[in-house]
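These are my notebook entries on one protein model. I write down what I looked up, one topic at a time.

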Amino acid sequence: MGCFVCIHCHFYQPPRENAWLEAVESQDSAAPYHDWNERITAECYLPNGASRILDGTGRIAKIVNNYARISFNFGPTLLSWMEERAPQAYEQILQADRESQQIFSGHGSAIAQAYHHLILPLANSRDKRTQIVWGLRDFQHRFGRDPEGMWLPETAVDLETLEILSSLGIKFTILAPHQAAKMRSEAGTEWINLNGQGIDSRRAYTCNLPSGRSIGLFFYDGEVSRAVAFEKLLFSGENLARRLTGKFGPEGESAQLIHIATDGETYGHHHVHGDMALAYALDYIEQHNLGRITNYGQYFAQHPPSQEVAILERTSWSCMHGIARWNSHCGCNSGANPNWKQEWRKPLRDALDWLRDELTDLYDVSAKELLRDPWIARDEYVKAVIDRSVGTVDSFLDEHAVRRLSAEEAVRALRLLEMERHLMLMYTSCGWFFDEPTGPETIQVLHYAGRAVQLSEQLFGGEREEQFLTRLESVWSNISDFGNGRSMYERFVRPAMLDLCGVAAHYVISSLFDGYRDANSMYCYDAHLLEVHPFENGRTRLAIGRARISSRTTRGQLKFSFATLYLGGHNLIAGIRPCRGTQGFRSLVEQASAAFSTEDLARCSRVIEEWFRGATYSLKSLFHDERQRIVKQVVHSALADIDHVYGKVYKQHASLISFLSELHMPIPAILQVSADFVLTNAIQRCLAEETVELDRIRKLLDTARQNAIRLEDCSLGSLIRERLRIVLERWAEDPFDLTRFNALEALLLLAQLPPFKLDLWRAQNVYYALVQVISRGQGVRFSRTWLDRFQKLGELLGVAVDGITAEPAGLVPETVAATAPDAVVMRFVGPPMPVGLL
């Protein structure tokens, strides 16, 4: 059949990075994952890179990389996060684009996206251009080629945006069907008014622009796209395949294109196992010859548009009122709170517009003193954003500076550019999308605005923050406790604001627990220790020293003196002060150390408070994630003592607990807690050992089950997942080593017991990848015993092994047996080995 099918996925997460740390901190609402990026990666981005196609018995028949056979875009800020925090998923995506070029006649499936997901028709001309240029440059850096298409955030469009896309070599973009205003079959013929009622989506169109340029437009099928996103069409991969191919017109052109576009997170995050429905649908279409899978680049090249279209400007795919969702109370919201109003949207945008215009004028004037063209420099600054290495930043400054900049001038230039970056970040579309301004997305854009304000005051002085807060007073929460925008800023933004003294405090406090090193890296900051004088007496510790903190984003520096006193538990005081010579510092060392050595801790604390008056810190001053880590250390230290106490209680009353359980009588709470605590800790210790005593763990689990003891499955689950990761990696290195094989098999059997709830996704990937490796080898020899156990392992993992055959062969690897009369050769008939499974 000559008809074509293309499925486009828009993968995106709003930037969640702390504006002062350039890192995503933990989010309790994403538990048990660290944050929402990590959670959605586990639920969607990773599964789509290794999606399962099941056979009729529910076993895994194939594992495929969906990205290679669809069209997709990823938000650049999300890819930046993935590169560091989810490298396996990141590599799956890049590899899929390379593979798709082989499948689709040299046309990669990835397309670019405007960088920070701004609603471009609401942005000024300079911001539009910078966002598109940054998206283009980021794509080139990651995928190693020029993008053919670019996704517009929320598909929000106007002619100026299309002009910029076309001028930069973008061939096409994707819009919703209601964004077409009129169309005609060829130039000079009469226009057909569509009035936003939709357009035939089964072909590509050209849009001729006022400049004389043109750009290609695809209008996705709205009906099927809605069914995928909201109407449970992903409950069946076969139904999805038939729904798609059922849109082909029986008397239409042979080159009909059926294509849909949705949020990529639909396939796995919004709909559990949606990735599997997608994989099955694509496979079903091909196996039953229902259509030809393609991507936009290939289709556009092979079937160039013959019909012309004009767009409805200032429209989008997610607001029926155009783009009003991002600047007014238009009625578009989540529907979860029908009595809430979104009248806060306009004053929020007005306040940010004022801040942007106020600071942009200052940037234009000030940056000209340092940069040859401030706006070209801003467009190219993305190179330094992608790669913060000293060499890259130096090259950028050398290219754009009016002269060789001094260290102080370089700091000023980078602060100016960082201010501009945050002035764009604060327009991330999610800040207006939802119902309430105290939601995390809106608070996040206020954080970026706060960082821009802070940088502006470092650069220019003044009191712009107060002027900004005055404008925020018109932003009102739907929740009376939160008041207006000023109170929201004071409550949610100001406590998060950070200066170099705050970074220094984090460094000296965390180092007291982790040890002081000559050099240390913390998020986007570097610390260099100049000198330290440590003292210790039991659990109490004192450290006095000098160090230097520097920012990798702005190169700002602070040289400071410090003192930290830990009294045990959560009791700690630290002081930070910029260095002012060494004489006073020596006096501090003498006074504080003398008091500490005589165990006069109260006097030692007073010395620190007086010397660092107004600049003292506590454990609460640590960055969020580090505070949790170090406080957990403190808690675990306390629990070690409790473990000893509970151990005695449990040992003395274990027989009583068993007796009560036999009689089906309730176990007193104190005994229940003691047994839970002791048994959970005993299993944790077993799992942490280099050689895991599986029999001992089974006995402990049996004891808990017999006595109806509720174990802490969360803590045990994380430990057994980590143990499985280690055992898997060892087995994958040498799968023919029976000792490693035995360890994996035993652990998988253990993991099936309650309270463990083990996800076998990674183990299945490793097993399937091993089968693919063996299938490509000729004359790979091993014992029949090994093969039988390997097949049983596949059954345990739920992977189909019907394709494996064994034939008599010669010798086997020594790791299996020196001589084995039942040696065989494994051959497997299956698809090529997926990338990124190991």
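This is a predicted model: local features need pLDDT of at least 70, side-chain atom pairs count only at pLDDT 80 or more; totals for chains, interfaces and linings use all residues.

Entry 1, Asn742. I looked up Asn742 and found it in helix α26 (residues 738-751); helices (H or I, at least four residues) and strands (E, at least two) are DSSP runs, numbered from the N terminus. Asn742 has a relative accessible area of 35% and is partly exposed.

Residues are numbered from 1 along each chain as its sequence is written, and side-chain values use heavy atoms, with hydrogens and water left out.

I find 28 helices and 23 strands in the protein. Its radius of gyration is 31 Å, close to the 28 Å that the globule rule gives for 838 residues, so the protein is as compact as a globular protein of that length. The radius is taken over C-alpha atoms, and the rule is 2.2 Å times the number of residues to the power 0.38. The C-alpha trace spans about 95 × 85 × 55 Å along the principal axes. Of the 838 residues, 55% are buried. I also looked at contacts (heavy atoms within 4.5 Å). Among those between residues at least 6 apart in sequence, 69% join residues at least 24 apart.

I note 88 positive and 103 negative side chains, with the centres of the two sets 2 Å apart. Lys and Arg count as positive and Asp and Glu as negative, while His and the chain ends are not counted. The place of a charge is NZ of Lys, CZ of Arg, CG of Asp or CD of Glu.

The structure holds 53 salt bridges, each a side-chain nitrogen of Lys or Arg within 4 Å of a carboxyl oxygen of Asp or Glu. One of them joins Lys171 and Glu148 (3.4 Å, N to O). Lys171 lies in the loop between α5 (159-167) and β7 (172-175) and Glu148 in the loop between α4 (125-143) and β6 (150-151), so the pair ties together parts that are 23 residues apart in sequence. Lys171 is partly exposed at 42% relative accessibility, whereas Glu148 is buried at 12%.

I looked at Glu626 and Arg629 too, which meet in a salt bridge at 2.7 Å, N to O. They are 3 residues apart in helix α22 (residues 624-662), about one helical turn. Asp695 and Arg698 also form a salt bridge (3.3 Å, N to O). Asp695 is exposed at 55% relative accessibility, and Arg698 is partly exposed at 27%. A network of salt bridges links Glu22, Arg388, Glu418 and Arg421.

Leaving out residues up to four places away in sequence, Asp275 touches Pro47, Asn48, Ser51, Arg52, Asn66, Tyr267 and Gly268.

Notes
Buried means under 20% relative accessible area, exposed over 50%, partly exposed in between (1.4 Å probe, protein chains only).
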